[in-house]
Amino acid sequence: MSSSDEVLEILDDSYADLILCSREHRKFRVVKLYVTNVSPVLRELIQSASTAHAADPTSPLPSVQLSDSGVILSSLLTLILPMFPVLPSTLEHTIILLSAAQKYQMDSILSRIREMIAVQDPPLIRPETAFQAYSLAKMHGLRQEALQAARTTLTFPFTIEKLEDELEVIHGIYLHELWKYYQSVRTHLRSDLEAFRTTGMPSLTCPPCGPNTSHGARIWLDAYVASIAESPALFDLIEFYACFSRHIIQTRCSCSIPNKAVRTFWTDLTNVVHSCMTKAEPSISPPAESQTVSSPASPQNPSPTSPPLNHLDISDADVIIQSCDLVDFRVHRRTLAMSSPFFDDMFSLPQPQPSDKEIIDGLPVVRLPEDAEVLSGLFTMLYPIPFRLPNAYDKALMLLAATQKYEMVGLQSRIRAEIQTRTFPTLTGPETFRSYAISSSGQLPSEAEKLARLTLEFPMTFEYLCDELPSFKGWALRDLVGFRKRCRDNIVSSFVSFLKLDQPPFNIWTPCTSTTGGTRYCQSCRRTTGSNGYCQYCCTYSNTSGPTGSSPSWLTDLFQKHLGDSREAFSKPLFNPQSIRDLYLSALKAHINSYNCFPCTKSHSLEGEKFCKELTDRLTVALSEKLVLHE
């Protein structure tokens, strides 16, 4: 018997005068006095159920149907009833339990749950769970847990590349919020730590050692404190002692730091950092009220309107499809059912009695998450009227994704054909990333693959993506990061192989007449050598003569430069293989103009075009990685 089943058995109280039903229709027989004393929300529901039971006493006990699962409800009742409290075993269920206590306005129970969580080991919210905890807390309206998780995420270096493993558990909307919070914390840290460095920095070391800054602080300590403003993840005692160790090694200093001085310094620094975190909290929007839905007629939402479908005869429409921006489309159920198994199943199932809000002009209303422009394009394909393909490429992808979601297979080939014939404006970087997010979440693998390759032409950083992050699902962003990493690693490996010019098919170069131009590299270890070709690491001279196998410095410099740039493939666009020929010719021309080098001119005239083609082909193959989507 599982622990959950044991709890259910215990909660079957023989003195019960109330039945609480979970959403899976599990029944909990309890004494209602315990429940009504802690929750005004449940008190009202129980009063209504008791009144209905008095009017119809056929059932043994009054019953209240709740939306909570049996696992959550059983755990909640162990906190309400006089019994041993049991918390759920997973992070997700614990967050949902907190949300249930908050939803039912059980203030004392909510405080008790948080007290129990606070003493857990390991903590519920820790670096390994911080991003998932933030996402769950925001979804379930728990601001206290959201703020705690946001602070914990600061222990990570906040770059897309470093956060790859965390992206799967958090939606782009919440990742965007955390990025804004991270930026706000850094802004406050820059100003507050600057004041701390000039007025609050102790000597620390014993005996005092130099060198010092202009305001008397040790340079190594001042640099460490300043680094926290750029990367809050460095606010860690281990990082502090690592910085101190580097100071001792580099300066050969014999100083030490008394433990009392470290404690005092760290307490003062902690107060400053935590103050900055508190100042940044307004950048985190209040969690959404997940249990309430705004009415379409509320002042926050515009009144529903009808689209300008002048060519569509809607006189005999029998259903209204409402877009997310509250535009009504009067269409025919039969037309939708014939083109879509999704709508066929929807309309064939027995429908509950609609409320007044779900009826307009006597027609039932079906609300869809697509906007009016997308739905207009969809419905114009179902009726004998001019087809309206959206003007923007991302909107056209949304239309294609809608046909995928609603299983309108017959329309997909037509839309793809229209997209291929239409000339869209050239996509900007942010538009490319947004279109990838749409195609990946819309289960359009061929479009996602094409767009993933286009994203390689732009940087991929939080600063660059920023406003496009809400478009992403976490897994789609993670898969794009993995794709970019694989392409980067392949490009880097290619450039490393190009440096070995003494190996076929690159050994076309005869010794260069230039002995002073450019940087020389050891043919064994590829480190820089002296002007005479001597490598201090290998204690050998590089080959500077012979018919082949020499390494022209101008060409090695070119490869080294782009090797370094390729390693920074997230902060910069990835190298374009088609550009290598122009770069090669430009470097060769500069070299010949400077040194009038006959050997390099001859080597190029004999094998240069073949050499360039080999470079281009290898770099192109390096970018032939496939995008792998793991929803």
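Which helix holds both Asp565 and Lys561, and how many residues apart are they?

**View 1. Asp565 and Lys561 in helix H22 of the predicted model.** Asp565 and Lys561 both lie in helix H22, which spans residues 553–566. They are 4 residues apart, about one turn of the helix. Their side chains meet in a salt bridge, with a distance of 3.1 Å from N to O. Asp565 counts as partly exposed, at 22% relative accessibility.

**View 2. A salt-bridge network that includes Asp565.** Salt bridges link Lys561, Asp565, Glu568 and Lys572 in a network.

**View 3. The salt bridge between Arg197 and Asp222.** The closest N and O atoms of Arg197 and Asp222 are 2.9 Å apart. This pair links distant parts of the chain, with Arg197 in helix H9 (residues 172–199) and Asp222 in helix H10 (residues 219–230), 25 residues apart. Arg197 counts as buried at 17% relative accessibility. Asp222 is also buried, and its relative accessible area is 8%.

**View 4. The salt bridge between Lys395 and Asp371.** In this pair the closest N and O atoms are 2.1 Å apart. Distant parts of the chain are linked here: Lys395 belongs to helix H16 (residues 393–405), while Asp371 sits in the loop between strand E7 (363–367) and helix H15 (372–380), 24 residues apart. Lys395 has a relative accessible area of 19% and is buried, because the cut-off for buried is under 20%. Asp371, at 15% relative accessibility, counts as buried too.

**All views. Salt bridges in the model as a whole.** The count comes to 29 salt bridges, among them the pairs Arg197 with Asp222 and Lys395 with Asp371.

Terms used. Residues are numbered from 1 along each chain as its sequence is written. This is a predicted model: local features need pLDDT of at least 70, side-chain atom pairs count only at pLDDT 80 or more; totals for chains, interfaces and linings use all residues. Side-chain values use heavy atoms; hydrogens and water are left out. A salt bridge is a side-chain nitrogen of Lys or Arg within 4 Å of a carboxyl oxygen of Asp or Glu. Helices (H or I, at least four residues) and strands (E, at least two) are DSSP runs, numbered from the N terminus. Buried means under 20% relative accessible area, exposed over 50%, partly exposed in between (1.4 Å probe, protein chains only).
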